[in-house]
Amino acid sequence: MQFASLDDIRAFCRDLPEGDAGAAAAAARRQQILTKPPGSLGRLEELAIWLARWQGRERPRLDRAAIAVFAANHGVAARGVSAYPAEVTAQMVANFAGGGAAISQIAKTAGAELYVVPIELDRPTHDFTVRCAMDQEEFLDAIEIGYRALPERCDLLAVGEMGIANTTAAAVLCAALLGGGAVRWAGRGTGVDDEGLARKRAAIEAALEFHRSILGDPLAVAAGLGGRELAAIAGAVLAARQRRVPVLLDGFVATAAVLPLVRLHGSILDHCRAGHVSAEAGHRALLSEIQLDPLLDLGMRLGEASGAAVAILLLRAALACHNGMATFTEAGVSDRDN
């Protein structure tokens with residue numbers, strides 16, 4: 001096991017591998033000599049340089065892009081916080097495997113390998129309004145599942161989730177670690193009505209009160225108030241940092257999953273970008289809190305890593321220009337100094 005205790009995770013987050021500054025500098029120099037005014041491709045240039053930094057090469061590539069979707073169930077679902085029953089999680093996992101889900105089609109279009117990782121779907125976490133969602137061993141097991149899910153050869157990882165009631169878990173993590181309570185962070189998720197939203201907010205407030213003694217410890221919060229798929233996302237992001245693999249985060253749940261890591265070390269997401277900002281209440285505020293500028297804003301709120309997967313297409317455009325454009329010398333075009 002990579003992490004035998006919460007202290008192992010804390011120690012990891014104090015000694016983070018850095019990207020390759022030399023590769024990033026070489027990529028930046030290349031951007032300056034391509035046949036375009038400097039900076040004219042905007043964030044596409046920044047993305048190419050970011051990929052160069054974490055892949056360690058002047059000309060990055062996306063030959064082996066991977067999408068990991070982690071699925072798990074939540075005990076708090078029994079409190080009527082979702083518009084769908086808990087059995088939908090397993091049904092959607094089967095739909096992913098059969099190619100019938102949005103992420104199945106987007107992954108194919110983006111040229112990415114889809115990995116679906118169900119985690120004990122027949123054993124939901126405990127209802128976190130009355131006890132810890134996971135004990136330390138269960139939490140570490142889920143972290144380990146995510147850590148081991150990173151493919152051996154991988155140029156880019158996109159992470160997402162599936163789990164009925166997981167927007168409730170995401171919202172309570174944000175409230176616990178950033179403040180503001182249920183009103184700030186709880187949205188309608190899968191489409192709950194006003195009564196469902198009231199139940200969701202009540203569950204969040206009850207959980208915050210019950211767990212008030214642990215709110216100063218980000219990892220205790222992640223175990224006590226989170227979910228197995230959220231912990232697995234955190235584990236995958238840690239593995240990617242260890243191996244210097246760039247990461248695209250999906251929506252509100254995937255971003256909330258790494259919030260406890262950010263509270264341990266502010267630069268732990270340097271190898272990550274937010275694939276998009278979702279329409280789920282709280283995501284834009286969360287991205288602002290952790291200083292991630294989303295690549296896309298399409299009004300999506302599906303989960304499944306769908307927004308992050310669409311952003312892979314944007315990265316492919318960035319690299320097509322970075323790697324394929326001619327330099328001024330190659331094209332015989334005068335640059336602005338000639």
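Start with a helix pair: the axes of α6 (residues 136-149) and α11 (residues 228-242) come within 6 Å and cross at roughly 50°. The two helices are therefore oblique to each other, oblique being whatever is left once angles under 35 degrees are called roughly parallel, over 145 roughly antiparallel and 65 to 115 roughly perpendicular. Keep in mind that this is a predicted model, where local features need pLDDT of at least 70, side-chain atom pairs count only at pLDDT 80 or more, and totals for chains, interfaces and linings use all residues. Residues are numbered from 1 along each chain as its sequence is written, and side-chain values use heavy atoms, with hydrogens and water left out.

**The chain as a whole**

- The secondary structure of the chain comes to 15 helices and 5 strands; helices (H or I, at least four residues) and strands (E, at least two) are DSSP runs, numbered from the N terminus.
- With a radius of gyration of 20 Å, close to the 20 Å that the globule rule gives for 338 residues, the chain is as compact as a globular protein of that length. That radius is taken over C-alpha atoms, and the rule is 2.2 Å times the number of residues to the power 0.38.
- Along its principal axes, the C-alpha trace spans about 70 × 40 × 35 Å.
- Of the 338 residues, 56% count as buried, where buried means under 20% relative accessible area, exposed over 50% and partly exposed in between (1.4 Å probe, protein chains only).
- Take the contacts between residues at least 6 apart in sequence: 80% of them join residues at least 24 apart. Contact here means heavy atoms within 4.5 Å.

**α11 and its partners**

- Two packed helices are described by the angle between their axes and the distance between the axes. The axes are lines fitted to C-alpha atoms, for helices over the stretch in contact, and angles run from 0 to 180 degrees between N-to-C directions.
- α6 passes α11 in a right-handed crossing. Right-handed means that the near helix is turned clockwise from the far one by less than a right angle, and left-handed that it is turned anticlockwise.
- On the α6 side, this contact is made by E138, F139, A142, I143, G146 and Y147, while α11 brings R228, A231, A232, A234, G235, A236, L238, A239 and Q242.
- Sorted by class, the contact of α6 with α11 has 10 nonpolar, 3 polar and 2 charged residues. Ala, Val, Leu, Ile, Met, Phe, Trp, Tyr, Cys and Pro count as nonpolar, Asp, Glu, Lys and Arg as charged, and the others, Gly among them, as polar.
- α11 also packs with α12 (residues 252-264), at an angle of about 65° and with their axes 8 Å apart. This pair is therefore roughly perpendicular, and α11 passes α12 in a right-handed crossing.
- L230, I233, A234, V237 and L238 of α11 meet V253, A254, A257, V258 and L261 of α12. The contact of α11 with α12 holds 10 nonpolar residues, no polar ones and no charged ones.

**α5 alongside α14**

- The axes of α5 and α14 lie 9 Å apart at an angle of about 10°, so the two helices are roughly parallel to each other.
- α5 puts in I103, I106, T109 and A110, and α14 answers with S306, A309, V310, I312, L313 and R316. By class, the contact of α5 with α14 has 7 nonpolar, 2 polar and 1 charged residues.
- K108 is found in α5 (residues 102-110) and counts as exposed, at 61% relative accessibility. K108 and A309 are 201 residues apart in sequence, yet 9.6 Å apart in space, C-alpha to C-alpha.

- Q136 lies in helix α6 and is partly exposed at 41% relative accessibility.
- Leaving aside residues up to four places away in sequence, Q136 touches S5 and L6. Q136 and L6 are 130 residues apart in sequence and 7.7 Å apart in space, C-alpha to C-alpha.

**Two alanines with positive phi**

- Most residues other than glycine have a negative phi.
- A165 has a positive phi of about 80° although it is not a glycine. A165 sits in the loop between β3 (156-162) and α7 (166-178) and is buried, with a relative accessible area of 6%.
- A305 has a positive phi of about 70°, again without being a glycine. The loop that holds A305 runs between α13 (283-289) and α14 (306-324), and A305 counts as buried at 0% relative accessibility.
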